Structures are given as C-alpha cells and as structure tokens.
Amino acid sequence: MLHLRQAARRFGRRPVFTGLDLHVAAGERVFLGGPNGSGKTTLLRCLSGTLALSAGQATVAGHPVGSPAARRATGVCLAPEQGLYEKLTAHENIALVARMRMPRRAVRPGVAGIEQEFDITRYAGVPVARCSAGVRARVSIARALVADPDLLLLDEPTRSLDENARHLLWQAIDRRAELTCVIASHDADDRSRCQRHLVLEPVR
C-alpha cells in the first residue's frame, strides 16, 4: 500500500531525514516516533503530497505521492485542532471533503454516518470556531475518514481527545480492517495499538 525508497527531505542544506526505506502492507498500522524535530510531521507531509521529497521515491497504492490518484487514496489529518474552515459548521467541513471525494448519492449518508461514528451530530450545526479543541480534533479526523481512504495519515491525533473520543477513534480504525495507518505520536497507548514502530532521529 505504501512504499518509500531512499526517501529524503532537506530544507535548504539542512537534512530532515535521508535514505528512508519503508514498505507497508494494506491494513498495517505504523507508529511514527521520535523526538521533536526528528522529521515526523515533515515525513507525513511528504506522504500526503503537500511537500515534495528532495530525493527518492514514494507511492501510495502504486501511485506517486502527490498524484491525483494517490491523494484520492489518502486521508490526512496533520493538525487535528487546526486546518478547518473556521466559519463553516462541523457538518459543512466534513461535507466539503465528502463532496470532493465521494459519489454524489453517497455524500449525505456518508457524512451522517461518520458524524454518528465520532459523536459529532450534536455539534453538526455549530461553526468550528466555537467548538472546543477536542471537538475540532474529532471533526478533523472524521473529515479524513469520510471517504473511506486506503491510507490514513495522523499527526498527534489523540493529543486533544478525551478518553471516550480516543476510544471512538480506535474503534473507527478497527472497523476498517484494510485501512493502512501511519500515526505520528508521543502517546504510549497509540504506540501499543500499532504493529510496527518506526523511530526517527534528528539528522546531525
């Protein structure tokens, strides 16, 4: 599902990660660990296609990262409490992505289903600017999952979630047996729920 070969990213002359090889099968969960500044978020941005690799190759479901096909196959939540349209409601934020990525007839039931799955229904009509950090995080994760992607990229997804919301997140992932996940986190429980662990270290 996800393949990296000799992947590297630099900012100017400063390397963030280099020579990275990774092969992840469908349904696998990869925990991405390492200290702050080790390149976890940068790697996720490269996998999402929002940032280009400086060297090497990466594919999602056989398609180069950043290509339209790879983007359609990837659900992204890199800033759970941010990245939402502040003036739109929780429902409108999720529906916006659903309309871009799902058949028209599937949008309404798909959005309603994901709102129930993450217990967002009561906040559906509330502008996200007025929602708590925990609700905003739930909306962001629901938005990433609404079109049932093949690959899910999460950056510190449980940071703002209470115990119940964390349970909802992992329940949702468990329901999707073929969903491949790459999760950057410092949380020990997140780590325990992943089959594979990749720890990045700052490049000196």
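A residue is called buried when its relative accessible area is under 20%, exposed when this area is over 50%, and partly exposed in between (1.4 Å probe, protein chains only). The structure is a predicted model, in which local features need pLDDT of at least 70, side-chain atom pairs count only at pLDDT 80 or more, and totals for chains, interfaces and linings use all residues. Residues are numbered from 1 along each chain as its sequence is written, and side-chain values use heavy atoms, with hydrogens and water left out.

Side chains of opposite charge can pair when their charged atoms come close. A salt bridge is defined here as a side-chain nitrogen of Lys or Arg within 4 Å of a carboxyl oxygen of Asp or Glu. Nine salt bridges are found by this rule. One of them joins Asp-148 to Arg-176, with an N to O distance of 3.3 Å. Asp-148 belongs to the loop between α5 (133–145) and β7 (151–155), whereas Arg-176 belongs to the loop between α6 (163–175) and β8 (180–184), so that the pair links distant parts of the chain, 28 residues apart. Helices (H or I, at least four residues) and strands (E, at least two) are DSSP runs, numbered from the N terminus. Asp-148 is exposed because its relative accessibility is 51%, while Arg-176, at 18%, counts as buried. Both residues also take part in a network of salt bridges that links Glu-117, Asp-148, Arg-175 and Arg-176.

A further salt bridge connects Asp-187 with Arg-166 (3.0 Å, N to O). Because Asp-187 lies in the loop between β8 and α7 (188–192) and Arg-166 in helix α6, this pair ties together parts 21 residues apart in sequence. Arg-166 has a relative accessible area of 24% and is therefore partly exposed. In the salt bridge between Asp-119 and Arg-122, the closest N and O atoms are 2.6 Å apart. Asp-119 is partly exposed at 28% relative accessibility, and Arg-122 is exposed at 56%.

A nonpolar core is a set of buried Ala, Val, Leu, Ile, Met, Phe, Trp, Tyr and Cys residues joined through side-chain atoms within 4.5 Å. The largest such core holds 36 residues, and among those touching the most other members are Ile-94, Phe-118 and Leu-169. Two or more residues each are given to this core by α3 (90–101), α4 (104–117), α5, β7, α6 and β8. The largest share, seven residues, comes from α5. A second, separate core of 25 residues includes Leu-20, Leu-43, Leu-153 and Leu-198.
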